[in-house]
Amino acid sequence: MKKEDIEKIEEQMKLANEGLPEKERQLFSDARPTSVPPLNKYLEKFLNWGRAQSLWFLGFGTGCGAVELRPLMTSRFDISRYGIAGRPTPRQSGVFIIGGYASMKTVKRIVRSYEQMQGPKFVIALGSCTINGGMYYDSYNTINRIDHYIPVDVYIAGCMPRPEAIIAGFNKLKEKIKTGKADGMNKYAENFDWYKKNQKQIIKDWNMPDFNW
Amino acid sequence: MIKNSESKYTNFIADRSKYPKMENGKAVIDLESHKYTKLWQGPQHPGVTGNMAVEITVNGDEIIKAKTHVGYLHRGFEKLLERRTYIQGFTIVNRICVPEPDTNEYCYSTAVEDLAGIEIPEKAKWLRTLNLEMSRIASFLMWIGGQAGSLGMGTISQWTVGMRDFWLDLFEEMAGGRIYHMYMIPGGVRKNLPAGFTEKAKDLVIKTRNLLYDVERTFFNNAIIKSRLKGLGIITPEMVDEYGIVGPNARASGKPYDVRMNNPYAKYDELDIKMLTSTVGDAYARAELRYKEMHQSLDLISQILDRIPKTGEIHAKLPNVLHWKIPAGQTYVKAESTRGEHGFFVVSDGSKFPRRVYNRGASYTHAISVLEKLAENISISDLAGLMVSLHTCPPEIER
Amino acid sequence: MEQLLNRIKDKIEIESLKKRDDLYFINVKEEHIIFLLSYLKEHEGFTHLAFLQAVDFQEYNLFQLTYMLYNYNIKVNLGIKVMIDREKAEMVSIHKLWNHAWQYQRELHELFGINFPNSPNVNESFVLEGWEDIPPMRRDFDTLKYSSETFYQRPGRSTNDPKEYMREKLYKNFVEPPKIRKEND
């Protein structure tokens, strides 16, 4: 091994989880995420079909959009007929719904929850405020573009989006998954440093691990 | 033999060694001793209480200390309103509270009218009252679903949240929006009632009544619900003043304070309405009181629908709103939301933009001081039920 | 209510203003506030503290603190206004009178930078986390500038002057009438 390479590795090791105290660092992983290339063409197609059929979303209503998720689960819209259901923890869920504006305090929790989710994982962003800030474009506490902090697969516009629009958004996501275009997770792994830089820019007191898995 | 075991039972003394030492009425918690664990409930949506986190210290499953953390929904509304003209402001105030936006609209537009000295037409007042009552019933239907869901009874929330959807449909016909209505604007209301609205609303009132009787049978007569809610989170009459508790939480403890009757606004002084109170003050009494208030709201809606004038102006004439300057002054306007007194304190300095708009939400004290006090010494599994029984709405805490 | 105001006037110097039948405002000096609040709470039945908030009057270099009280018996809201210095913003804490007053004081400390000595938890963060700028609710904090500097903007957002825009889109053939008198603006 060259000396430069060793230095590079040491540099990476130093960067990992630097926000944590020394005692807690060993509790968390220091391995960077890796992008997962598609498998054999037909097998991948089959897997994608399977992934599209059961989308379990994380019940983290980050904003007002969450109020429309509740009617979705009742008899009128009945989202479970599409194989979609809410789950309480990030470890069990595959879809992250950003329910509207994300305040700075929430971004930290969003990043942490997103990283704890197991792949393959997808992100749906509800509402205009996740696209360009919407009504809160000039607010000091809400971010304007969520896609600079975590990768987004489907946007649903509106303030707030109607339940029908959310169902349409889920169908769009299914289409994307079936054609293999929903690769937000790989994007996150490939541009990991860029995402981390953006996140650290706005989260001033970074006291959580860099790799939450 | 029986006598023996009885005496054994009565002589039982709890092992106090596992509880924390008390000093000056506060528990001294030593986390290093491995007797206590720190847990976080939230900030993921724990039911319908919204995004707020409760940091709890537990011993076994008993909560020793609770601390509320808010700020996950802070958008800086009060700062944003300083940058918007008075007429631009009304599109944004209703976003302060999601399940019940109309109280915000009402308070904001009344405050602006109060400062500008505008008298609104009679019919607009009736329409505002109708809108406010409809939003109350929609919010209560969501709440009772949450209360049942937090104790593990999912059926009720399926029924009531499903029923709430029909109320949202009515809102859509009335104002054009499902969740955010933007119906009451300074000077009156935005639209007249559409054709056939009265019949639909009356029909829905009957449907909701029928649903509520089902809810009563399954929820209020359920042994598990009774045993879990009775005695949980008792608010004493002394606490009401000490902590500034308002709304159903205060009324369940015997404080007759309802803004609709104490300081009647809109058309509440002409309606047949009675103050509902209870004296027990626990979570079950609060649930029962809210259930009665749902019936009261339905009753008021039928009254309003009968008495609403058929013709008349719905909007007072305003000056050019693009350059609308409001005379300098300060005012405080309040209304009764489902959670209690909801108020707007508006300060104008004579320019196009308000100097300060402050929104006082009832949850501000309920979710922080009161919850922290009531959560002590209850079981960890009852915390969600307690949070919902206080009916907190975090967006109005942090705005 | 008039009698009550007279009773207070006998004791300390105040200015009163009637806004509505159920809303009065009084202005008091900073040093009388604790006396007035405890007097109103203990003897006059103003037992409910609805809120405590600040208004920034930057041009006069003052903060206005408003204590909104409510009396259940006579059903009147009474707003007590106090002016304090903006540079050295400091106020006596009232957490001993009401158990929830510390919440408002914590909020004011964070959002306005007003200090309340001895108030419990006053230095804890309330809604902001890791905030480094000046307190955001002060008038000299520009939220649009902060937002555009800190967050990434998506291109495409544009603003229109409503007058120009309406004339362009809706009233193309509109001819401006001759100005007779100048009213609003």
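Author: Two residues are taken to be in contact if their C-beta atoms, placed from the backbone, lie within 7 Å. This is a predicted model, in which local features need pLDDT of at least 70 and side-chain atom pairs count only at pLDDT 80 or more, while totals for chains, interfaces and linings use all residues. Residues are numbered from 1 along each chain as its sequence is written, and chains are lettered from A and ligands numbered from 1 in the order in which they are written.

Where chain B meets chain A, 23 residues of chain B and 28 residues of chain A take part in the contact. On the side of chain B that touches chain A, α2 and α6 of chain B each supply at least two residues (helices, H or I, have at least four residues and strands, E, at least two, both being DSSP runs numbered from the N terminus). The largest share of that side, four residues, belongs to α6(B). By class, the side of chain B that touches chain A has nine nonpolar, eight polar and six charged residues (nonpolar are Ala, Val, Leu, Ile, Met, Phe, Trp, Tyr, Cys and Pro, charged are Asp, Glu, Lys and Arg, and polar are the others, Gly among them).

Toward chain C, 35 residues of chain B are in contact with 32 residues of chain C. The elements of chain B that give two or more residues to this side are α2 (77–82), α9 (237–243), β8 (329–337), β9 (340–348), β10 (354–360) and α13 (363–374), and the residues of the side divide into eleven nonpolar, 13 polar and eleven charged.

Three of these elements form an open sheet, whose strand order in chain B is β8-β9-β10, with antiparallel pairing (a pair needs at least two DSSP bridges between the strands). Because β8 and β10 of chain B stand at the edges with a single partner strand each, one side of each is left without a neighbour in the sheet. On average, neighbouring strands of this sheet are turned by 15 degrees against each other, direction ignored (axes are lines fitted to C-alpha atoms, for helices over the stretch in contact, and angles run from 0 to 180 degrees between N-to-C directions). Nine bridges join the antiparallel strands β8(B) and β9(B), and B:Glu336 stands opposite B:Glu341 in β9(B).

Elsewhere in chain B, strand β4 (residues 53–59) pairs in the antiparallel sense with strand β3 (residues 37–41) over five bridges, with B:Lys38 opposite B:Thr57 in β4(B). β4(B) also pairs in the antiparallel sense with strand β5 (residues 62–69) of chain B, over seven bridges, and here B:Val54 stands opposite B:Thr68 in β5(B). The hairpin of β4(B) and β5(B) has two residues between the strands, and in it B:Gly60 takes a positive phi near 65 degrees.

To return to α6(B), helix α5 (residues 122–150) of chain B packs against helix α6 (residues 154–175) of chain B at an angle of about 160 degrees, with the axes 8 Å apart. This angle makes α5(B) roughly antiparallel to α6(B) (under 35 degrees is roughly parallel, over 145 roughly antiparallel, 65 to 115 roughly perpendicular and the rest oblique). Among the residues that meet are B:Met134, B:Ile137 and B:Leu141 in α5(B), and B:Val161, B:Trp167 and B:Phe171 in α6(B). By class, the contact of α5(B) with α6(B) has 15 nonpolar, seven polar and one charged residues.
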